[in-house]
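Have a look at the structure first.

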Amino acid sequence: MRLLSRARPAAVGPTLQDRLVWQAASLLLAYPDEALPQRLDTIERLRANVTGRAGELLGRTVAALREADPVDAATAYVDVFDLRRRSTMYLTYWTGGDTRNRGTEIHAFAQVYRAAGAEPPAGETPDHLPVVLEFAATVDPEAGRRLLVEHRVPIDVLREALTEAGSPYAHTVEAVCETLPPATDQELQRAARLAQAGPPAEAIGLQPFTLTVPPRRNEGEH
């Protein structure tokens, strides 16, 4: 993995720009359904108030999605996010895998949402990155940012996997990374190990929670 080693500065609170990036990223990382053109218009309005590299990165994904054929965009989304283990957007997959620990970690996300006065999502698990980004942007920026920082390693694994796949969504995840403290050496090393070895495994059934951004489609649904 081509990751740079950087020291982490003192933590600062979320800014308005952070929240705009998170909201735009949440919309960009949603399944590209028939409402995509309207979402892209909304994203462009949000992006008009975002300065620096994050805004530029979001714009790259917007441009790629505007140029793509709708069917091709939907197929590419399923291919990269549903059919490739390394580019899953379920953050606890990398920390809990298919183990009982993952159920506990998913529940912890739901508890954070409830503590902020929001119900866990309907139709998607609360650890799904677009869900976390929407929560951070619109409900509780401080709590949402903590979730993102705590799961910086899975986000870095996702970003690198999307970059290697040549996916335009890599730019959006990189924009999210621009809003977070730089990864520590320990986090970078852990991300590299996870990308190579994969998550822990222990076959169990997990009942999904039930949200507001368009949920992922099953393979074959467009």
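The protein has 11 helices and zero strands; helices (H or I, at least four residues) and strands (E, at least two) are DSSP runs, numbered from the N terminus. Please keep in mind that this is a predicted model, where local features need pLDDT of at least 70, side-chain atom pairs count only at pLDDT 80 or more, and totals for chains, interfaces and linings use all residues. Residues are numbered from 1 along each chain as its sequence is written, and side-chain values use heavy atoms, leaving out hydrogens and water.

Of the 222 residues, 50% count as buried (under 20% relative accessible area, with a 1.4 Å probe and protein chains only).

Now to the second largest pocket. Its lining is made up of 15 residues, and Pro32, Asp33, Leu36, Pro37 and Pro70 lie nearest its centre. A pocket here is an open set of points on a 1 Å grid over the protein atoms alone, where a 1.4 Å probe fits, with protein on both sides within 12 Å along at least five of seven lines; lining residues have an atom within 4 Å of a point. The lining sorts by class like this:

| Class | Lining residues |
|---|---|
| Nonpolar | 10 residues |
| Polar | one residue |

Is Arg39 buried or exposed? Arg39 counts as buried because its relative accessibility is 9%. The side chains of Arg39 and Asp33 are joined by a polar contact of 2.8 Å (a pair of N or O atoms within 3.5 Å, one able to donate a hydrogen and the other to accept it; residues adjacent in sequence count only if both atoms are side-chain atoms).

Terms used:
Ala, Val, Leu, Ile, Met, Phe, Trp, Tyr, Cys and Pro count as nonpolar, Asp, Glu, Lys and Arg as charged, and the others, Gly among them, as polar.
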